4 protein chains.
Amino acid sequence: MTCIKGIIPPMITPLKGDDELDLEGTSRLVEHMLAGGVHALFLLGTTGEAQSLTYRLRYEFVERVCRQVAGRVPVLVGVTDTSLDESVRLAEHAAKCGAVGVVAAAPYYFAPSQQELIEYYTALADRLPLPLYLYNMPSHVKVFLEPATVKTLADHPNIVGLKDSSANMTYFQTLIYHLGDRADFALYVGPEELTGECVLMGADGGVNGGANLFPELYVAMYDAACKHDIARVRELQRRIMQISTSIYTVGKYGSSYLKGVKCALSLMGICDDYLSYPYRKFRAEERNRIRQALEALGVECVG
Amino acid sequence: MTCIKGIIPPMITPLKGDDELDLEGTSRLVEHMLAGGVHALFLLGTTGEAQSLTYRLRYEFVERVCRQVAGRVPVLVGVTDTSLDESVRLAEHAAKCGAVGVVAAAPYYFAPSQQELIEYYTALADRLPLPLYLYNMPSHVKVFLEPATVKTLADHPNIVGLKDSSANMTYFQTLIYHLGDRADFALYVGPEELTGECVLMGADGGVNGGANLFPELYVAMYDAACKHDIARVRELQRRIMQISTSIYTVGKYGSSYLKGVKCALSLMGICDDYLSYPYRKFRAEERNRIRQALEALGVECVG
Amino acid sequence: MTCIKGIIPPMITPLKGDDELDLEGTSRLVEHMLAGGVHALFLLGTTGEAQSLTYRLRYEFVERVCRQVAGRVPVLVGVTDTSLDESVRLAEHAAKCGAVGVVAAAPYYFAPSQQELIEYYTALADRLPLPLYLYNMPSHVKVFLEPATVKTLADHPNIVGLKDSSANMTYFQTLIYHLGDRADFALYVGPEELTGECVLMGADGGVNGGANLFPELYVAMYDAACKHDIARVRELQRRIMQISTSIYTVGKYGSSYLKGVKCALSLMGICDDYLSYPYRKFRAEERNRIRQALEALGVECVG
Amino acid sequence: MTCIKGIIPPMITPLKGDDELDLEGTSRLVEHMLAGGVHALFLLGTTGEAQSLTYRLRYEFVERVCRQVAGRVPVLVGVTDTSLDESVRLAEHAAKCGAVGVVAAAPYYFAPSQQELIEYYTALADRLPLPLYLYNMPSHVKVFLEPATVKTLADHPNIVGLKDSSANMTYFQTLIYHLGDRADFALYVGPEELTGECVLMGADGGVNGGANLFPELYVAMYDAACKHDIARVRELQRRIMQISTSIYTVGKYGSSYLKGVKCALSLMGICDDYLSYPYRKFRAEERNRIRQALEALGVECVG
């Protein structure tokens with residue numbers, strides 16, 4: 001398998017209520033992103049609220065999205081779990097549905113040591129029916145996948161890449177230094193504010209939440225960075241930062257980003273903004289601030 | 001419902017392998033603890049490795065233990081989950097099996113705000129078929145249940161107590177000050193090193209992992225503290241600290257405590273020491289150190 | 001030297017302005033605490049805003065307080081610094097002024113390892129003209145003095161005790177277990193909410209900020225705990241918790257405790273409430289809340 | 001004043017012993033860096049061990065380096081302190097010696113709130129005789145200077161820039177977005193692993209510790225990034241990463257970076273590797289690893 005390169009949106013999970021998918025929203029959102037030129041989709045990540053959803057709904061969502069995508073782009077599925085066996089079970093479902101890879105952050109309740117992470121990921125990769133992407137997400141799982149750990153794991157034949165959401169660029173540069181030359185191991189950056197510079201410096205792409213809203217913008221950033229067109233990168237960066245500082249920062253929640261993305265998608269007429277517990281969607285005042293932010297970005301709101 | 005008072009061991013989950021219970025060990029461990037005089041059992045907590053187990057096994061374990069206990073003591077079941085609906089589903093199963101209450105730490109992936117915690121726990125308690133005990137576990141879930149949050153939630157008719165595993169006694173004293181006088185709200189302390197002083201100061205009991213090993217010791221401590229027998233409390237405290245500093249500190253793992261308890265139970269001939277991923281049981285050298293620690297405590301090892 | 005036992009208030013530093021002591025307030029506060037029966041004084045600790053003061057003022061303050069105390073109780077001086085040589089220099093001044101011991105938290109800029117802490121404290125104790133008390137203050141210095149480190153350091157002939165402000169009672173119980181029986185090594189607890197239970201369990205006293213305000217209350221708690229009078233301990237505990245939850249929690253500052261103590265002292269007519277940068281004293285609204293809290297405690301406000 | 005642009009090494013402080021400068025080493029190191037083309041010098045930063053030094057030595061060091069530089073490049077002086085008045089006093093000395101600006105991280109003992117930081121930095125900038133650069137250093141001072149705080153402070157006429165050592169590029173991109181266009185406000189990045197991409201994206205330069213060792217390398221990186229020469233940036237980046245992963249990571253210390261830089265300078269014959277407490281210089285085995293790392297970089301060792 002050659003690496004996926006480019007923009008891989010971590011798809012939000014459109015919901016109508018507890019344990020109920022927004023089916024039409026899901027369909028519209030998939031087409032919206034594919035029309036924007038994204039290179040793959042990533043389901044059931046942090047942005048997808050995976051941990052808040054029932055297993056039943058997670059399985060349904062994977063099946064429906066894979067069926068709709070129908071091979072037009074590769075689909076990756078998040079199988080992050082605290083139970084290794086549940087991760088494997090979901091991966092087997094994803095394989096049956098046609099996904100091409102799975103993504104797993106560290107088990108996130110009892111914080112493991114680096115040695116325990118190596119044993120865990122090795123056991124997981126041994127049992128998975130699909131290639132595994134590591135997912136470094138220290139703010140949520142409390143531990144870094146340290147560079148030495150990643151180097152060791154990168155030698156496993158079924159571990160094929162890493163997504164880093166730490167925003168710590170010294171860390172990511174260390175990974176690029178050690179692994180950036182390997183054609184069989186992909187390095188993706190999570191925070192969209194960093195996609196430009198990361199691709200310039202050798203990363204393979206971005207798993208950027210904003211690509212749910214504006215897929216063509218992040219694809220354009222990826223293309224400009226691949227071409228080393230710095231003027232264009234910096235021009236696009238200003239727009240990405242406008243989104244980041246106006247859509248993702250309403251309210252004082254750790255979850256402001258997630259609430260903002262779903263609210264904006266609702267205002268754009270793409271899908272419902274229902275959020276699973278423990279999160280709640282924005283109320284009128286905060287929704288108005290998102291509306292104003294979208295209008296300042298030149299987006300017509302219909303919701 | 002009047003509060004449960006006393007020692008409530010957070011029962012370890014005896015395993016033979018991935019997704020396989022140690023059935024005989026489970027049976028022996030239940031009888032060992034009941035023979036030691038414990039006042040209730042708590043299944044599927046942190047010590048029970050709940051998050052690492054498949055749902056299937058969790059359901060089976062609750063059913064088997066409830067059947068064996070057969071009402072001799074009350075059984076509480078941990079339903080901590082990142083998905084509210086999965087918590088409710090497990091609680092419904094626990095209710096059917098005969099458990100009398102459930103325990104839930106905060107959702108532990110995306111860290112919620114205090115306001116989100118209030119909404120989350122309120123929604124959860126509204127839907128649960130059994131009374132709910134809050135579980136403060138900041139080292140694992142990244143947030144404290146702040147005293148003001150607990151005070152608010154304590155007014156919910158279906159929220160009946162709190163277990164604190166923070167080891168932060170300023171926090172726990174604040175809860176005792178605000179809620180210690182309420183007969184319908186229980187306060188339990190997690191770390192066994194603190195059971196003596198907490199009960200002296202007004203707590204209702206201890207959810208102490210060491211009571212898997214030496215149930216009578218923790219029951220004796222509870223009794224001594226209830227009687228304000230300081231000399232006896234300090235004598236028992238020395239033994240509890242000997243256990244804590246010799247059994248729970250082998251190796252440099254965050255999980256040393258869990259590995260140590262399971263290893264000691266295995267050496268005592270009670271149950272297998274298999275650990276679910278990402279944890280692994282102690283190897284020979286560490287096992288020998290646990291053996292020496294048990295012998296220093298006057299325990300005969302059979303394993 | 002036998003250990004100091006009892007209540008050792010960490011004295012606030014009364015200020016009139018930047019780099020200007022409130023001399024009359026200093027004098028009144030010393031007499032207020034001595035009249036309340038405290039067993040020693042601790043100058044230039046966290047509560048004393050030591051790090052915010054110029055060296056000039058720190059030296060002046062030590063000299064003035066020592067002169068006024070004139071041997072009526074022992075005086076300890078905080079020499080916590082990031083520069084070992086500056087700590088030694090201040091200790092030499094303290095010795096000349098008549099202080100009987102010094103107190104030092106870990107250097108607090110670049111976080112040291114445990115091995116570095118052992119080398120640092122050994123070098124410091126070797127050079128100090130007075131006995132040294134260790135000060136565990138992880139929230140401010142970012143590292144714990146781990147029990148193994150403390151055990152090693154406790155063998156140094158010039159290291160004679162430890163004050164713990166972590167509020168982590170598992171930690172403190174571990175120290176009591178290892179060192180509580182040594183007559184030549186004192187263990188004091190910082191948070192006043194814990195003095196009762198700590199003395200009951202074997203600690204030598206409390207370094208409690210509230211003893212600036214109500215010295216006799218904390219002395220009474222110490223006495224009751226020494227006598228194992230649990231009923232009295234719990235009665236006094238309620239009053240200590242009332243102070244803690246009403247005086248130290250106004251505003252959402254990390255420094256609410258310090259602002260509250262100084263504001264209350266000002267309202268009680270004892271000294272000025274000027275705070276050194278980066279802190280500022282409470283304004284009218286917050287001051288009114290402190291006034292109400294004091295009145296609820298039965299204190300007549302004159303300020 | 002127009003902004004300084006380029007590479008501003010945070011100069012290490014060459015020491016011979018406690019409270020004793022290595023005068024010849026200081027002189028050699030200054031000339032080594034100036035010969036390498038650096039654009040300014042920054043004294044008494046984190047890399048300069050400022051907090052570990054006596055005030056006496058800090059004052060002497062500023063005076064000697066300023067005298068030797070003699071205006072060939074601008075000199076900035078770190079005045080980070082927990083006491084505002086001590087910061088002002090050192091800044092007055094720096095101004096007399098000919099420094100052109102000062103740098104201050106937040107007071108680092110009691111963690112201030114954002115509002116307290118605004119009041120603190122405003123008071124500080126009001127009193128300083130030289131322009132002030134903010135210094136974001138959350139790992140050491142426990143708080144971020146949040147973007148909104150920086151935006152507010154950037155309007156103060158005497159606050160002229162910020163150095164960010166967080167390595168959090170989402171944070172730094174947010175500052176570039178808000179302040180990157182202001183000609184009168186400079187943005188520098190601390191970690192040298194990020195200088196290339198930061199300058200590409202609009203930063204004004206790097207305050208890079210490695211420029212003590214290899215000043216011309218970091219100057220070359222700055223130049224290549226200014227010219228948007230991506231091929232050259234990535235080539236230089238490999239060498240910078242080789243330094244970072246071999247010189248700064250020996251041992252498991254938080255201070256490995258500092259020990260490594262001083263050890264390498266000693267091996268290169270530039271200055272002594274004495275470290276002030278609580279740090280100690282590398283012993284033979286670690287020194288050998290640094291020697292091998294230098295040789296792998298093609299550096300001839302003389303020490």
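Start by selecting A:Glu31, which is partly exposed, with a relative accessible area of 32%. (Buried means under 20% relative accessible area, exposed over 50%, and partly exposed in between, with a 1.4 Å probe and protein chains only.) You're looking at a predicted model, where local features need pLDDT of at least 70, side-chain atom pairs count only at pLDDT 80 or more, and totals for chains, interfaces and linings use all residues. Residues are numbered from 1 along each chain as its sequence is written, chains are lettered from A and ligands numbered from 1 in the order in which they are written, and side-chain values use heavy atoms, with hydrogens and water left out.

**Stop 1: charged pairs**

(A salt bridge is a side-chain nitrogen of Lys or Arg within 4 Å of a carboxyl oxygen of Asp or Glu.) A:Arg72 sits in the loop between helix H2 (55-69) and strand S5 (75-78) of chain A, while A:Glu31 belongs to helix H1 (residues 23-35) of chain A, so the pair ties together parts that are 41 residues apart in sequence. (Helices, H or I with at least four residues, and strands, E with at least two, are DSSP runs numbered from the N terminus.) A:Arg72 is partly exposed too, at 45% relative accessibility.

Why might such side chains pair up? Side chains of opposite charge can pair when their charged atoms come close. Over all chains, the structure holds 76 salt bridges.

Next, pick B:Asp18 and A:Arg127: their salt bridge has its closest N and O atoms 3.0 Å apart. This one crosses between chains, from the loop between strand S2 (15-17) and strand S3 (20-21) of chain B to helix H4 (residues 114-127) of chain A. B:Asp18 is partly exposed at 28%, and A:Arg127 is partly exposed at 33%.

Now try C:Arg238 with B:Asp181, a salt bridge whose closest N and O atoms are 3.7 Å apart. C:Arg238 lies in helix H10 (residues 230-247) of chain C and B:Asp181 in the loop between helix H7 (169-179) and strand S9 (186-189) of chain B, so the pair joins two chains. Is B:Asp181 buried or exposed? With a relative accessible area of 66%, B:Asp181 is exposed, while C:Arg238 is partly exposed at 38%.

One more selection here: A:Asp19, A:Arg56, A:Glu60 and A:Arg64 are joined into one network by salt bridges that share partners.

**Stop 2: the sheet of chain A**

Switch to cartoon view and color the strands of chain A. An open sheet of 8 strands runs in the order S1-S10-S9-S8-S7-S6-S5-S4, with parallel pairing. (Two strands pair if DSSP finds at least two bridges between them.) Strand S1 (6-7) and strand S4 (41-43) stand at the edges, each with a single partner strand, so one side of each is left without a neighbour in the sheet. Zoom in on S4(A) and S5(A): 3 bridges join them, and they run parallel. There, A:Leu43 stands opposite A:Val77 in S5(A).

Then show helix H7 (residues 169-179) of chain A, which packs on the sheet and touches strand S7 (132-136), strand S8 (159-164) and strand S9 (186-189). (Contact means heavy atoms within 4.5 Å.) The direction of H7(A) makes about 165° with that of S9(A). (Axes are lines fitted to C-alpha atoms, for helices over the stretch in contact, and angles run from 0 to 180 degrees between N-to-C directions.)

**Stop 3: chains C and D**

In chain C, select strand S5 (residues 75-78). Both faces are covered: C:Val75 and C:Val77 on one side and C:Leu76 and C:Gly78 on the other are all buried. C:Phe42 stands opposite C:Leu76 in S5(C).

Over in chain D, 8 strands form an open sheet in the order S1-S10-S9-S8-S7-S6-S5-S4, with parallel pairing. Look at strand S7 (residues 132-136) and strand S8 (residues 159-164) of chain D, which pair in the parallel sense over 5 bridges. D:Leu162 in S8(D) is the bridge partner of D:Leu134.

**Last stop: who doesn't touch**

Show chains A and C together: no contact joins them, and their closest C-alpha atoms lie 15 Å apart. Chain B and chain D do not touch either, with their nearest C-alpha atoms 15 Å apart.
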